[in-house]
Amino acid sequence: MRFDVLTLFPGMFAGPLNESILKRAIQAGVINVVLHDIRAYATDRHRTTDDAPYGGGAGMVMKPEPLAACIRAVLSMAPETEESPKPPVILMTPDGEPFTQRIAAELATYPRLVLVCGRYEGVDERVREALIDREISIGDYVLTGGELAAMVIIDAVARLVPGVIDAESIADESFSDGLLEYPQYTRPAVWEGRAVPPVLVSGHHGEVAQWRRRERLRRTLERRPDLLARAALTETDRAYLRTLGWNDPTVGEGAEHSAATKS
Ligand code: ADE
């Protein structure tokens, strides 16, 4: 999978791409990250990429011409084919659609993504209208620019690309089915007086699986009850959650209550 990243600060990407799993995936040729310096597409003597906003106000806005030229050049670098249609051009911006594991999985199905890093004051709206297909935010806070957001997206998407990490680690993890992860332990069996839960050393695979499922349910109820409304829950899951005090929205009073709160 290929990621084209358009940025005013290509140097920011050196660290994350040169360590650990991403480094290995790049070396193995499973993913390819191509950095493009937007400043190289500015045509004036000072290579200007931003300007003051029309109407006044603080900060600077990214000029349309260099950014548009950069996007168009990048799109023309790998011509569209049937196997590789036009890649989505995605702008990193705090007013974009909130990034989730579901979006990461969707993006991982493309052979190529074009990620545009805006500076936080903004990108000229006309470039957004003309050339941006999708806008993504990595959370409700404001970064100095889209670079860290692009790195988050590359990291979350790359690890879902077949061959980057083993499939098993992805299947069980937080969010893949709408639940948080179960607690993990490794040796020693007792650390500073704290023992590993006995079921994990019992050798009973069925009991381990049940304990893990219940821990996931308990954790999700405690920390992110909002996720339970959308999680894939079995009747056994629901029964267990009810023993923990969960107000099952599909049962009796809970159903009436949720109907009442909606009206
Ligand atoms: N640029 C600045 N803040 C951002 C955010 N939260 N997500 C994506 N891009 C950004």
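## Ligand contacts

A nitrogen atom of the ligand lies 3.0 Å from a polar backbone atom of Leu143, a polar contact being a pair of N or O atoms within 3.5 Å. With Tyr141, a ligand nitrogen sits 2.8 Å from a polar backbone atom, and for Thr93 the figure is 3.1 Å. On its own the ligand exposes 260 Å², and the protein buries 99% of that (Shrake-Rupley areas, 1.4 Å probe).

This is a predicted model, with local features needing pLDDT of at least 70 and side-chain atom pairs pLDDT 80 or more, while totals for chains, interfaces and linings use all residues. Numbering runs from 1 along each chain, and side-chain values use heavy atoms, leaving out hydrogens and water.

## The shell

The residues around the ligand (a heavy atom within 4 Å) include Met92, Pro94, Ile136 and Val142. By class, eight are nonpolar, four polar and none charged, with Gly counted as polar and Tyr as nonpolar. β5 (89–98) and β7 (134–137) each supply at least two shell residues, and β5 gives the largest share, three (strands are DSSP E runs of at least two residues).

How values were computed
Polar contact = N/O pair within 3.5 Å; in protein donor to acceptor, adjacent residues only side chain to side chain. Helix = DSSP H or I, 4+ residues; strand = E, 2+ residues; numbered from the N terminus.
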